[in-house]
Amino acid sequence: MNITVAQISCSLGDVPANVAKMLDCCARAKARGADLIVFPEMSDTGYSMPVIREHAQPWGEGAVPALREAARTLSLHIICGLSEREGDDIYNSQVAIDSQGDIVAKYRKSHLFAPGDEDKTFLAGSDLTTFPLDAWRVGLSICYDLR
């Protein structure tokens, strides 16, 4: 399995611009033979608590539908760190999308960084998440800050 790790310079709060950057990375990764591309946390909004509170969206909107379509069109697995709004709640989440464009796993960050106000912005998740990916079993996690 060929894996690409993508690092993008997010435009704070500009979800369409950030999605465009992710889609470009997906296309370039696939052209170079990638089977899976992995993006960092908050790739849709950038990492700023006020910006995330303002721009987090339900997964039926924003980045997730575009990433699902890219995965299906390119036949590429995608793991991406995103904001997730569910009603009034916001999560620091990861989505795993298979090469058919289906969401196969979701992880909500469980260890929130208090001095960075994550604990004031996000609700903590509680489940560990793994899923099958070809011959592999993959686990989702978002960094645990040791500060």
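Is glutamate 84 buried or exposed? In this predicted model, in which local features need pLDDT of at least 70, side-chain atom pairs count only at pLDDT 80 or more, and totals for chains, interfaces and linings use all residues, glutamate 84 is buried, with a relative accessible area of 3%. Residues are numbered from 1 along each chain as its sequence is written, and side-chain values use heavy atoms, with hydrogens and water left out.

Glutamate 84 takes part in a salt bridge with arginine 108, at 2.9 Å from N to O. A salt bridge is taken as a side-chain nitrogen of Lys or Arg within 4 Å of a carboxyl oxygen of Asp or Glu. Because arginine 108 belongs to strand E5 and glutamate 84 to strand E3, the pair ties together parts that are 24 residues apart in sequence. Helices (H or I, at least four residues) and strands (E, at least two) are DSSP runs, numbered from the N terminus. At 19% relative accessibility, arginine 108 also counts as buried. A network of salt bridges links Glu84, Glu86, Lys106 and Arg108.

The charged end of arginine 108 is placed over the ring of tyrosine 91, 3.6 Å from its centre, and lysine 106 lies over the face of tryptophan 59, at 5.3 Å from the ring centre. The criterion requires NZ of Lys or CZ of Arg to be within 6 Å of the ring centre and within 35 degrees of the ring normal. By contrast, a search of the whole structure returns zero aromatic pairs, for which the ring centres of Phe, Tyr and Trp (its six-membered ring) must lie within 6.5 Å, with planes under 30 degrees apart counted as stacked, over 60 as edge-to-face and the rest as tilted.

Serine 93 lies in strand E4 and is buried, with a relative accessible area of 0%. Leaving aside neighbours within four places in sequence, the contacts of serine 93 (heavy atoms within 4.5 Å) include Met42, Trp59, Cys80, Tyr107, Arg108 and Ile142. Methionine 42, one of these partners, is located in the loop between E2 and H2. This residue is buried at 0% relative accessible area and has a positive phi of about 55° although it is not a glycine. Aspartate 134 likewise has a positive phi, near 55°, but is exposed, with a relative accessible area of 58%, in the loop between strand E6 (129-133) and E7.

In total, nine salt bridges are counted. One of them joins glutamate 41 and lysine 109 (3.7 Å, N to O). Glutamate 41 lies in the loop between strand E2 (36-38) and helix H2 (49-55) and lysine 109 in the loop between strand E5 (103-108) and helix H4 (118-121), so this pair ties together parts that are 68 residues apart in sequence. Lysine 109 is buried at 1% relative accessibility, whereas glutamate 41 is partly exposed at 23%. A further bridge connects arginine 72 and glutamate 69 (2.5 Å, N to O); both residues lie in helix H3, three residues apart, about one turn of the helix.

The largest nonpolar core has 23 residues, and those with the most contacts inside it are Met22, Ile37, Phe39, Leu67, Ile78, Cys80 and Leu82. A core is a set of buried Ala, Val, Leu, Ile, Met, Phe, Trp, Tyr and Cys residues joined through side-chain atoms within 4.5 Å. Two or more residues come from each of helix H1 (15-31), helix H3 (63-74), strand E3 (77-86) and strand E4 (89-97), with H1 giving the most, six residues. A second, separate core of 10 residues includes Leu36, Ala105, Phe131 and Leu140. Leucine 140, in strand E7 (residues 136-140), is buried at 6% relative accessible area.

Notes:
Buried means under 20% relative accessible area, exposed over 50%, partly exposed in between (1.4 Å probe, protein chains only).
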